[in-house]
Amino acid sequence: MERSRSRQQSGNSSAITDDQITDLVSKLQQLIPEIRNRRSDKVSASKVLQETCNYIRNLHREVDDLSDRLSELLANTDADSAQAAIIRSLLM
């Protein structure tokens, strides 16, 4: 009996509470521009999470595009130039 009780207590301590979910959704609403700029006061948690995932995907795309552009610039720049050194520092 003692063993199962301690397992339940330790298992419950790692569970996410409704308050933690509400807090996370609230923080995400403040951080994601697409949600923050809406006039509606009430946005569902699933919509907030969906918008957050979309926002992160878009950021990844932008980073990939910038990385590609910097790589192209570096390929077309004299390797010993100051501009090449700046581009290399941005890529690292």
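Predicted model: local features only at pLDDT ≥ 70, side-chain atom pairs only at ≥ 80, totals over all residues.
Lys-47 is partly exposed, at 31% relative accessibility. Glu-51 counts as buried, because its relative accessibility of 11% is under 20%.

The model has two salt bridges by the rule applied. One of them joins Asp-23 to Lys-27, with 3.2 Å between the closest N and O atoms. Both residues belong to helix 2, which spans residues 18–31. They sit four residues apart, about one turn of the helix. Asp-23 is partly exposed, with a relative accessible area of 38%. Lys-27 is also partly exposed, at 47%.

**Thr-52, a buried residue of helix 4.** Thr-52 lies in helix 4. Its relative accessible area is 9%, so Thr-52 falls under the 20% limit for buried residues. Beyond residues up to four places away in sequence, Thr-52 touches Leu-28 and Ile-32.

**Thr-77, a buried loop residue.** Thr-77 is placed in the loop between helix 4 and helix 5. Helix 5 covers residues 82–91. Thr-77 is buried because its relative accessibility, 15%, is under 20%. Setting aside neighbours within four places in sequence, Thr-77 contacts Gln-83, Ala-84 and Ile-87.

**Asp-65 and a patch of negative charge.** Five residues gather in this surface patch: Glu-62, Asp-64, Asp-65, Asp-68 and Glu-72. Asp-65 is found in helix 4, residues 45–75. The relative accessible area of Asp-65 is 46%, so Asp-65 is partly exposed, between the 20% and 50% limits.

**The whole chain, for orientation.** The chain has five helices and zero strands. From the N terminus, its elements run α-α-α-α-α. Of its 92 residues, 12% count as buried. Among contacts with a separation of 6 or more, 6% link residues 24 or more positions apart. The accessible surface is about 7,800 Å². Carbon and sulfur atoms hold 52% of that surface.

Note on methods: Residues numbered from 1 in each chain as written. Heavy atoms only, no water. Patch = residues over 30% accessible without salt bridge, like charges linked within 9 Å, V, L, I, M, F, W, Y side chains within 5 Å. Areas by Shrake-Rupley, 256 points an atom, 1.4 Å probe, with all protein chains shown as cover. Salt bridge = Lys/Arg side-chain N within 4 Å of Asp/Glu carboxyl O. Lys, Arg positive; Asp, Glu negative; His and termini not counted. Charge placed at Lys NZ, Arg CZ, Asp CG, Glu CD. Helix = DSSP H or I, 4+ residues; strand = E, 2+ residues; numbered from the N terminus. Buried < 20%, exposed > 50% of the residue type's maximum accessible area, 1.4 Å probe, protein only. Contact = heavy atoms within 4.5 Å.
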